[in-house]
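Visitor: I am new to this structure and would like to learn how to read a few of its features. Could you take me through them slowly?

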Amino acid sequence: MTSTLTISRLTKRFQGVEALDQVSLDLGPGMRVALLGHNGAGKSTMMKIILGLIPFDAGEVRVCGAAPGSGQARMQVAYLPENAAFHPALTGEEQIRHYLSLRGESPRRAMELLERVGLAKAARRRIGTYSKGMRQRVGLAQTLIGRPRLLVLDEPTSGLDPVSRRDFYALLDGLAAEGAAILLSSHALTEVEARTDRILILSQGRLAAQGTLADLRRRAALPVGLTVTPAQGAAPALAQALPQARPAGDGTLHLACAQDEKLGLLARIAGLGDRVADLDVIPPSLEDIYSHFSRRAGQ
Amino acid sequence: MIRRILSTAALEFRIALRNRWVAIATALMVVFALVLAAAGAAPTGDIGADRLSVVVASLTSLAVYLVPLLALLMSFDAIAGEVERGTLPLLLTYPVARAEVLAGKLVAHLAILALAVCAGYGAAAAAAVWTDPASTAGLPALWRLMWSSTLLGATFLGAGYALSSVARRPSGAAGLAVGLWLGLVVLYDLALLALIVADGGGGFTTQVLPVALLANPADAFRLFNLSAAQATAAAAGVGGAAATIPLWQSALSVLLWPLAALGLAIAAFRKVTP
């Protein structure tokens, strides 16, 4: 079997509103895929369907070759819910010991797992005293139980500080290298940029775009911005030479051009010689690319 | 399967211990039982029964109110609480059946209830035997009261889980639980009493009443203990009815109700979409 998760033409309606509309997706072993979208775009709904927590209306979903939510699928899938929550009266260690038992593993491995997520020191404290980031780590620790073939992580890095975030992605890299497929959701493209193999953008229940970041960047073909700083006293002459430029409040000139016109424009500006003091090229930001796709699909 | 149930039970027991439920339930049963044992000391001479048998009759009346109440208080939060805390979706992605989750909770809550019942009745019995050594004759009745109280508790635990699943929110589940307790334990008997008075010994009293008593787990429990102990003289209320219903019928009701309630709980829990 090659595919860990196969979704074809998945459709889910809530009271007549399409939460997911003909979404298809294929996830192989070792692949890290990020699911992006606004609140209410259908990310959590899709994840809950994959986990078998809620039924769907049309299409087909196969998780590790089994129906979602079946015993066989649940044995091989790990889940980290958005805002992972646990009973406040239990300690982190007790909670992880229980999860180990439920998966048929030895509860003695609890400390080892908590160490892997950097929670060994707080393991014997009640979860009620934990910060949000610490609860998130307990949630992360329980996804490491057993050898899951598919990890479904809903906003896994919310509440984590930048250092923990890096550690978290390092953990994911290790799991993916061992052959686990990873599906994670996020609000922000900046965050998943370098850490995923493929990006899916979900907008109002439809798959607005999918591909690598380079693919998306090319397909979006968003204009490149240029900022030109004139030399002392050369501002009027420069404005005349670059009629399409828009003057900014700080005396600089702003230009925008398509990707394929960029080099020509740069050559022209360079040809203006010492009338130009400085030049900055601003590629379209990840947020721009993301809003480009999510807006287009929303129209 | 057993391992998953036991792990769930151990976890739930620990939670109940930290939430002081074990202490509260035990203290409540001990205090009430001792008060009854002390208050029930007076009429012993007139009846000719041993002290413990009289205490058992009083404890039966206490258990009918207190055991369902404790069971519902412990169980109303079982599912609704998980839904509210947001812990249910994650739990249900684990390879554990919903029936196993409920079974684990039941084992823990039932153990706490059994502990409270044994401590309470035990204290009352110790007091009775201490003042009247002949009381040892009432020990079989005490034992019967203990296990039937535990079964009564299981019935209301199951009912509590079912209500908890239906309500989804702890506040709603608490309301439903109080309603169920009032309905089955208090109003049901009042309604029957009113009907008996209105009927005046007619068809209702002879035909419908026995069935109505057996259909209510609390009444069946009371019938079973009173008719089994042959201590009906010491008790008021439905004592008269106890004589007309065979023991095996009330015993069957006491045994079947926990299974029915648990079945209901599992069916209701299966309908919960996280």
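Guide: Let us begin with a loop in chain A, where A:Ala221 sits between helix H8 (213-220) and strand E10 (224-230); helices (H or I, at least four residues) and strands (E, at least two) are DSSP runs, numbered from the N terminus. The model is a predicted one, in which local features need pLDDT of at least 70 and side-chain atom pairs count only at pLDDT 80 or more, while totals for chains, interfaces and linings use all residues. Residues are numbered from 1 along each chain as its sequence is written, and chains are lettered from A and ligands numbered from 1 in the order in which they are written.

Visitor: What is the phi of A:Ala221, which is not a glycine?

Guide: The phi of A:Ala221 is positive, at about 45 degrees.

Visitor: Is A:Ala221 buried or exposed, and why?

Guide: A residue is buried if 20 or more other C-beta atoms, placed from the backbone, lie within 10 Å of its own, exposed if 12 or fewer, and partly exposed in between. A:Ala221 counts as exposed because it has 11 C-beta neighbours inside 10 Å.

Visitor: Where is B:Arg20 placed?

Guide: B:Arg20 lies in the loop between helix H1 (2-18) and helix H2 (21-39) of chain B. This residue, although not a glycine, has a positive phi of about 70 degrees, and it counts as exposed, with 10 C-beta neighbours inside 10 Å.

Visitor: How many residues of chain A are in contact with chain B?

Guide: Two residues are in contact if their C-beta atoms, placed from the backbone, lie within 7 Å; here 21 residues of chain A are in contact with 20 residues of chain B. On the side of chain A that touches chain B, the largest share, five residues, comes from H3(A).
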